[in-house]
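Please examine the structure shown below together with its sequence. The paragraphs that follow lead from a single residue to the chain as a whole.

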Amino acid sequence: MTCSGSEGDVSPVRRGKGRHCGSNRERDEPEMARVVFLHPDLGIGGAERLVVDAAVALKSQGCDVQIWTAHHDPTHCFSETLDPDLPVVCVGDWLPTSVFGYLHAMCAYLRMIYVALYLVFLSGVEYDVIFCDQVSSYSNCLGLSLCVTPFLNGTMS
């Protein structure tokens with residue numbers, strides 16, 4: 001198994017009411033957002049570098065950040081994703097990446113739909129912003145969330 005952790009191994013996040021969290025902050029200090037990045041395969045590549053850099057930058061500004069993916073191989077990834085302060089949650093790695101060497105895109109869509117549904121219905125993670133990268137078809141699944149959550153689609157055309 002190449003996932004870091006077990007299926008749906010979710011690191012604890014701060015819980016809060018409203019659009020922002022931050023129970024230990026002063027009243028005058030702004031509270032930072034809880035951000036979830038969704039990325040299909042967190043290996044080594046240009047898109048992965050952008051996602052990791054954005055997550056690290058938001059984390060350095062005080063945001064609660066998690067990266068959710070359908071595949072994360074700790075032996076073939078950027079070193080920042082191994083840092084326990086930047087949780088990487090891997091779900092759906094058991095789903096196929098292709099069918100007899102074909103249908104790679106369809107399998108990527110299905111894997112990310114599974115990740116999105118898992119995040120919304122099974123994880124219990126609270127978030128303010130979701131950043132969807134590469135595969136945009138699962139954005140509709142995120143609309144099933146009971147809270148109004150803005151999400152950014154990072155798909156490059």
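Does Q66 count as buried or exposed, and at what relative accessibility? Q66 counts as buried because its relative accessibility is 3%; buried means under 20% relative accessible area, exposed means over 50%, and partly exposed lies in between, with a 1.4 Å probe and protein chains only. This is a predicted model, in which local features need pLDDT of at least 70 and side-chain atom pairs count only at pLDDT 80 or more, while totals for chains, interfaces and linings use all residues. Residues are numbered from 1 along each chain as its sequence is written, and side-chain values use heavy atoms, with hydrogens and water left out.

Q66 belongs to strand β2, which covers residues 64–69. Helices (H or I, at least four residues) and strands (E, at least two) are DSSP runs, numbered from the N terminus. The side chain of Q66 also forms a polar contact of 2.8 Å with the side chain of W68. A polar contact is a pair of N or O atoms within 3.5 Å; within protein, one must be able to donate a hydrogen and the other to accept it, and residues adjacent in sequence count only if both atoms are side-chain atoms.

Attention now turns to a loop. S98 lies between β3 (88–90) and α2 (104–122), and it counts as partly exposed, at 23% relative accessibility. Apart from neighbours within four places in sequence, S98 is in contact (heavy atoms within 4.5 Å) with L103, H104 and C107. The C-alpha atoms of S98 and A108 are 8.3 Å apart, although 10 residues separate them along the chain.

V99 is located in the loop between β3 and α2 as well. With a relative accessible area of 32%, V99 is partly exposed.

The cysteines raise another point. How many disulfides does a search of the whole structure find? The search finds zero, a disulfide being a pair of cysteine sulfur atoms within 2.5 Å. C77 is buried, at 13% relative accessible area, and C132 is buried, at 0%.

Finally, the chain may be viewed as a whole. It contains three helices and five strands, arranged along the sequence in the pattern β-α-β-β-α-β-α-β. Of its 157 residues, 42% count as buried. Among contacts in the chain with a separation of 6 or more, 57% join residues 24 or more positions apart.
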